[in-house]
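Please review the following briefing alongside the sequence and the 3D structure shown here.

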Amino acid sequence: MRNALGSVDTVLLLGGRSEIGLAIVERLVRRGARRVVLAARDATASMKDGGGTAPVDDLERLGAEVHVLDFDAARPETHAALIEEAAAKVGDLDVVIPAFGVLGSQAVYDADPVAAARDVAVNFGGHVSIGLAAARRLREQGHGTLVVLSSVAGVRVRKANFVYGSAKAGLDGFAQGLADALHGSGARVVVVRPGFVIGRMTRGMTPAPMSVTAAEVADAVVESLDTRKVIVWVPARLRLAFAVMLLLPRPLWRRLPR
Amino acid sequence: MMLLTGWGRTAPTRATVARPRTAEEAAALVAKAGRRGVVARGLGRAYGDAAQNAGGLVLDCTALEPSWRVDSTGLVTASAGVSLHDLMTALVPRGWFVPVTPGTRYVTVGGAVAADVHGKNHHVDSSFGAHLRSLRLLTADGSVRTLEPGDDLFWATVGGMGLTGVIVEATFQCVPIETAWMRVDVERTRDLDQTLETMAATDDGHRYTVAWIDLLARGGRMGRGVLTRGDHAAPGDLPARARGNPLAFAPRPLLSAPPWAPGGLLNRATVRAFNAAWYGKAPATPRRIAQGVAPFFHPLDGVDGWNRMYGPRGFVQYQFVVPLGAEDTLRRVVERLSGAGVVSFLTVLKRFGAGTPGMLSFPMPGWTLALDIPAGQSGLAAMLTEFDGWVAAAGGRLYLAKDSRMSATTMAATYLRLGEWREIRRRADPDGVFVSDLARRLRLC
């Protein structure tokens, strides 16, 4: 259960190796979370229950009991069962964080439409099925938070990465709709819109203006748990920047270098 | 379906709320509670999540056979849903006073038993459970059992936070009074040492005592406060205007808090101003006054919905007890709070006497300090967690009816009879039908 000062007991991270996801989990554990489920592809083979790999060890050192589950974002038919399995391990799910995703290059997608569709299926479809399955559980238990990692890439889609951006746009709309659908249920959705995140996923790319680190995104997410915000911009000033960008005439927007 | 919170208005969760009017209706509801279980709720004055049950069923017991009776010796039998306000309104004019009242009259008898509430007379009269003669408890099997102080389940229920069943009725002994007034000595103290010394030295001469502490005072004035000691007044103590009808008692709220208040209204500046005025108003040498029962025991009941004044983020109440001899722990907490400039609107210090055999009952002989703190203050969570450690190390504990944030680890380390309580509860409720958000958070069951 979440306590009066925003500390939680249980966390489920989907995409259990995600840099942002693990940064959020680490902060929640430091603030008192004691039971964690890391769900990732081939997790039980490579991040076995009780240790071996760094994230599990790190979280256990901080005092958490860590469980590991196999999870494939591209197989929506397994998602409802996974949520139930996580709840069977740790009880009520206080915070659920789907943090999986792939960032392919637009040039590759242009040449390989099948790869584009496959990645959209993960970045959008996978989040829809896991989000709905999680929402059902949160609604039943009458409390809990679903953290949806959207992106400014979906706020106004750019030609430089419009496949990725359009999946994020879909996800952002889905998450807002779900937030409204869950209003009054005791459960809530936080839609996180980071700017360019410097990290493993963007290695080799030149950071955009107002870029952030995974740690900064995680700080903002954890802080939002104490508030009633639905949308969290990281950094916060991106909100204003995008209010302007949404107004840019298309010929200008089209000419943006990236 | 409703979103419920405790009095602190933090951490809302959703539950189905039903309002049984009879024990039979309550039994039928318990029987089909479902896998998220059920818990009884009274007037929602527990500050945290004690009367919330996320995703499950909450029984609003305020309509449960609302009746009571009193015999010629002051023995009262009341339905669990009757409030102390209703009881006092009826009993005080007849010359009887409830054996224990917390800082508000707006608690139900069932809630008073479930939290084993204490009041300003704890050092003399212990807590509510000490005055109980019997209880009727609706248990998970649908039967209503009559329990007496010789029964294990009785003492698992007193202070048991509603997790052994639905309290249906309680019988307890009231005390005779001659007037609805209190003879009160008010005195201010220079610092914490003087507050503690004066309380320890003079408590026993009075039935009711409490100290208000100015937590924002620092340095040599740290822990200064206003000491209030009272006893039920005799007719001769009353002001002339009250002598004609000395047992008259009809309190009602004087003010109502606005339905919405911005966060930050109770900030360091406003609380400092209030504290200075309150402290300044109190006499430096003891002064005796006559005061009505309501303003003496329940000053905050004068403002309807005062919890809304803390704004949308709500507030937490932190109340701990440390045993006698652990005054250093108390001093460390006050020093730390005062040094950090923590805003606590009402800080109250009290010396406890003997506890009851209630396994999860809070009071023990020692010092208890209660704080009201707006939930938004930065660094608050970490500071209170640090205090938890000090309190646990001193052999103390936190009050479950007030708690909304301690960890399951702190709970297990400070309530040493938790294992025994779990065992008795397991026998009475093998399927774990009775459950609350508090029980989940603290892993009680």
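B:Leu135 stands opposite B:Ala170 in strand E10(B). This is a predicted model, in which local features need pLDDT of at least 70 and side-chain atom pairs count only at pLDDT 80 or more, while totals for chains, interfaces and linings use all residues. Residues are numbered from 1 along each chain as its sequence is written, and chains are lettered from A and ligands numbered from 1 in the order in which they are written.

**Strand pairing**

- Strand E8 (residues 132-138) and strand E10 (residues 166-173) of chain B run antiparallel and are joined by six bridges; two strands pair if DSSP finds at least two bridges between them.
- E8(B) also pairs in the antiparallel sense with strand E9 (residues 144-147) of chain B, over four bridges.
- B:Leu138 has B:Val144 in E9(B) as its bridge partner.
- The hairpin of E8(B) and E9(B) has five residues between the strands, and B:Gly142 there takes a positive phi near 90°.

**Overall form of chain B**

- Chain B has 13 helices and 21 strands; these are DSSP runs numbered from the N terminus (helices: H or I, at least four residues; strands: E, at least two).
- Along the principal axes, the C-alpha atoms of chain B fill a box of roughly 60 × 55 × 45 Å.
- Of the 445 residues in chain B, 54% are buried (20 or more other C-beta atoms within 10 Å of the residue's own, with C-beta atoms placed from the backbone).

**Domains of chain B**

- Chain B is divided into domain 1 (70-177) and domain 2 (181-404), with bounds from an automatic or database domain assignment.
- The centres of the two domains of chain B, taken over C-alpha atoms, are separated by 23 Å.
- In chain B, 30 residues of domain 1 are in contact with 31 residues of domain 2 (C-beta atoms, placed from the backbone, within 7 Å).
- On the side of domain 1 of chain B that touches domain 2, H4(B) gives the largest share, three residues.

**Annotation and chain interface**

- An unreviewed UniProt entry carries the annotation "domain: FAD-binding PCMH-type" for residues 10-177 of chain B; such annotations may be inferred rather than shown by experiment.
- Between the chains, 17 residues of chain A are in contact with 22 residues of chain B.

Conventions
Two residues are in contact if their C-beta atoms, placed from the backbone, lie within 7 Å. A residue is buried if 20 or more other C-beta atoms lie within 10 Å of its own, exposed if 12 or fewer, and partly exposed in between; C-beta atoms are placed from the backbone.
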